[in-house]
Amino acid sequence: MASNQSNSSHETFRLFDEKPTSGFGFLDFPEKPLPPPPPCVEVIPSEVSANVKYTMEPVNLDGLTLLKGRVSTQEVFALSNSDLVPGKYEGGLKLWEGSLDLVKALRSDMQDGQLSFAGKRILELGCGHGLPGIFACLKGAATVHFQDFNAEVLQYLTIPNVNANILKKSQYLATDVNECSSVQADTRFFAGDWGEVHSILPFVSSDDNYTRSIPSLDQIAGYDIILMAETVYSISALPSLYKLIKKCVSSPHGVVYMAAKKYYFGVGGGSRRFISLVEKDGSFTASLVAEVADGSSNVREVWKLNLKGSQALDDS
């Protein structure tokens, strides 16, 4: 999660408080000015610090095992593990359910021949643990860029997670004579607010219509696949998130995968609110890829967005 906009009458709050609301964030919470966002910076892997304890554990996703780290928000941000502070910390140290839903959906589309990461440029927005981006790394992506609101999340969690999973895969390849490929994705890490981070991302057009107005640059501008999980919880952040997506997606065949709860009670956002924005704009077609109703949380969804007039990425 990597939003810098949220409406709240409290400095900190629980993101998933099951409190009935009107469904409109601006009616449920009085407007409160947010602090200026942190500067947009590229975080270099060598900047990872050992001062914060990082513990690793496996996550089994229907037979696929990835590694995830655990880092204390108390150590990193001097906050309790359940806190979120709008404009300061946006929940990036927690592993959200949508991230796992997204990996499963990507894997399913690959198995069905509807998706290939081979040689593609990938951007994961609001990455946190970065598991969807890591999955792309392991499946042959040429470039995977990870973005989060907080540089600290990238330093203490995302980068160690990427390193742990790629090391594990490399060790597996070294012992399996049937595997002839290795993980060679170019991974980079960028921190910043959605309204400004485009200024430091490598594959971004100068304006929303850039890649569409100059077709000759299709092969060098934009990301082939944009991934994001649990990024649409804040209504006020949706316009800047959507504008960033339009700046970043490659034309004409770029695709966006988005996993989120259908509604986020207490903050007013959700997948349906975001899809409504997308449909109103009219640049993308949206299709529901998966729905998860396991009774453990609000209904969760995975959506796929294609630029209108384009076809989904395939193995060609």
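User: Where does Ala-78 lie?

Analyst: Ala-78 sits in the loop between α2 (73-77) and α3. Helices (H or I, at least four residues) and strands (E, at least two) are DSSP runs, numbered from the N terminus. Before we go on: this is a predicted model, where local features need pLDDT of at least 70, side-chain atom pairs count only at pLDDT 80 or more, and totals for chains, interfaces and linings use all residues. Residues are numbered from 1 along each chain as its sequence is written, and side-chain values use heavy atoms, with hydrogens and water left out.

User: What is the phi of Ala-78, and is the residue buried or exposed?

Analyst: Most residues other than glycine have a negative phi, and most peptide bonds are trans. Ala-78 has a positive phi near 60 degrees. It counts as exposed because its relative accessibility is 55%; the cut-offs are under 20% relative accessible area for buried, over 50% for exposed and partly exposed in between (1.4 Å probe, protein chains only). Glu-230, in the loop between β7 and α7, also has a phi near 60 degrees, but Glu-230 is buried, with a relative accessible area of 0%.

User: Which residues does a cis peptide bond join?

Analyst: Look at Ser-251 and Pro-252, where omega is about 10 degrees. Pro-252 is in the loop between α7 and β8.

User: In what order do the strands of the open sheet run?

Analyst: Strands of a sheet pair through backbone hydrogen bonds, either parallel or antiparallel. Here two strands count as paired if DSSP finds at least two bridges between them. The 8 strands follow the order β1-β6-β5-β4-β7-β8-β10-β9, with mixed pairing. β1 (41-43) and β9 (284-292) stand at the edges with a single partner strand each, so one side of each has no neighbour in the sheet. On average, neighbouring strands are turned by 20 degrees against each other, direction ignored. For an antiparallel pair, take β9 and β10 (residues 300-307), with 8 bridges; there Phe-284 has Leu-307 as its bridge partner.

User: How many residues of strand β5 are buried?

Analyst: 6 of the 6 residues of β5 (residues 143-148) are buried, so the strand is largely enclosed by the rest of the structure. Thr-143, His-145 and Gln-147 point one way, while Val-144, Phe-146 and Asp-148 point the other way. β5 pairs in the parallel sense with β4 (residues 121-125) over 4 bridges, and Arg-121 stands opposite Thr-143. With β6 (residues 186-191) the pairing is again parallel, over 6 bridges, and Asp-148 has Ala-191 as its bridge partner.

User: What do β4, helix α4 and β5 make?

Analyst: For handedness, point the strands away from you: a crossover is right-handed if the path from the first strand over the helix to the second runs clockwise. β4, α4 (residues 131-138) and β5 make a right-handed β-α-β unit.

User: What is Ser-99 in contact with, leaving aside its neighbours within four places in sequence?

Analyst: Leu-131, Pro-132 and Ala-229; contact means heavy atoms within 4.5 Å. Ser-99 lies in helix α3 (residues 97-111) and counts as buried at 7% relative accessibility.

User: What is the mean pLDDT of the protein?

Analyst: pLDDT is the predictor's confidence in each residue, from 0 to 100. The mean is 83, and 78% of the residues reach 70 or more. Over residues 3-31 the pLDDT is below 50, and this stretch has 79 contacts in the model beyond near neighbours in sequence.

Technical notes: Axes fitted to C-alpha atoms, helices over the stretch in contact; angles between N-to-C directions.
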